[in-house]
Amino acid sequence: MIRIGIDIGSTAAKAAVVDGEGSVSWTCVQPTGFSSVDAAERLREALAAAGYDVAADDVRVIATGYGRVAVPYAHKVVTEITCHGTGAVRLFGDHGTVIDVGGQDTKVIQLKSGRVAKFAMNDKCAAGTGRFLEIMADRLGISQQQMADLARSGEPTKISSMCTVFAESEVISLIGRGELRENIARGVIDSVVSRVATMAGQATGAPYYLTGGLCENAYVVERLAALLGSPVTTSPQARFAGAIGAAIRAQALN
């Protein structure tokens with residue numbers, strides 16, 4: 001039997017396939033765009049091109065994430081907290097703190113004995129999320145990776161506003177005063193990481209695992225580990241934790 005997880009996030013739509021032996025055999029990520037329904041259809045087409053027919057008798061699909069109800073071929077929908085927890089257990093271990101920085105929210109999930117024991121979510125403001133970094137990188141006229149590269153050589157520059165709109169105004173003021181771009185980049189990333197670390201610090205503690213779109217941003221990982229005072233484990237596959245978790249949970253479907 002083939003199990004497929006679909007994770008429709010606010011920024012990225014992901015799919016993961018788990019084979020009959022429980023191994024992750026295929027993943028895919030695409031921009032969600034304006035419509036979650038269209039994103040789900042694009043993932044279906046990508047799956048078909050890779051040889052996976054979501055309508056086949058030996059296939060089961062679980063959808064999760066922000067747009068999970070927009071996946072018409074899903075056999076079941078499951079919350080992202082549950083799926084991210086399940087995916088993190090498969091990728092990292094059955095105990096610790098999972099930090100998922102998404103496009104519009106940040107989740108901190110406590111794992112105990114392979115199960116979600118507790119969680120917290122920041123979904124009221126884009127500050128402390130991937131969207132915040134995207135907005136600030138656009139304001140600086142660079143990519144998020146370029147911003148991280150610049151930040152490595154920058155000096156700490158405090159951005160104090162908790163609101164994305166006001167923080168953007170701070171960045172504009174810094175640019176107007178002639179502040180070095182690398183210093184602003186450092187301030188932007190430190191602003192996000194400090195908020196995430198504050199949330200994570202209220203959880204069970206180490207070991208820490210990072211999932212979501214920032215898991216391949218080495219500088220963010222380094223800064224987060226420094227503020228938490230403990231290593232943060234991640235991997236490129238951790239970007240697909242939600243989809244992987246959904247696919248694993250689909251193994252229970254008949």
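Predicted model: local features only at pLDDT ≥ 70, side-chain atom pairs only at ≥ 80, totals over all residues.

## Leucine 214 and its contacts

Beyond its neighbours within four places in sequence, leucine 214 is in contact with Val101, Leu133, Gln144, Val220 and Val221. The residue sits in the loop that runs between strand S9 (208–212) and helix H7 (218–228). With a relative accessible area of 6%, leucine 214 falls under the 20% cut-off and therefore counts as buried.

## Nonpolar cores

The largest nonpolar core holds 37 residues, of which Ile99, Met147, Val188, Ile189, Leu224, Leu228 and Val232 touch the most other members. Two or more residues each come from strand S6 (96–101), helix H3 (130–140), helix H4 (144–151), helix H5 (164–176), helix H6 (181–200), S9 and H7. H6 gives the largest share, 10 residues.

Not counting residues up to four places away in sequence, methionine 147 touches Leu133, Met136, Ala137, Leu140, Ile142, Ala185, Val188 and Ile189. A second core, separate and made of 20 residues, includes Ile8, Ala46, Tyr52 and Val59.

## Cavity

How many cavities of 30 Å³ or more are there? The count is 1, and the largest cavity has a volume of about 40 Å³.

Its lining consists of Val101, Val192, Val193, Val196, Leu210, Leu214, Val220 and Leu224. H6 and H7 are the elements that give two or more residues to this lining, with the largest share, 3 residues, from H6. By residue type the lining is 8 nonpolar, no polar and no charged.

Key. Residues numbered from 1 in each chain as written. Heavy atoms only, no water. Helix = DSSP H or I, 4+ residues; strand = E, 2+ residues; numbered from the N terminus. Buried < 20%, exposed > 50% of the residue type's maximum accessible area, 1.4 Å probe, protein only. Contact = heavy atoms within 4.5 Å. Core = buried A, V, L, I, M, F, W, Y, C linked by side-chain atoms within 4.5 Å. 1 Å grid on protein atoms, 1.4 Å probe; cavity = no way out; pocket = protein on both sides within 12 Å on 5 of 7 lines; lining within 4 Å. Points joined across faces, edges and corners; volume = space filled by probe spheres on them. Nonpolar A, V, L, I, M, F, W, Y, C, P; charged D, E, K, R; others polar.
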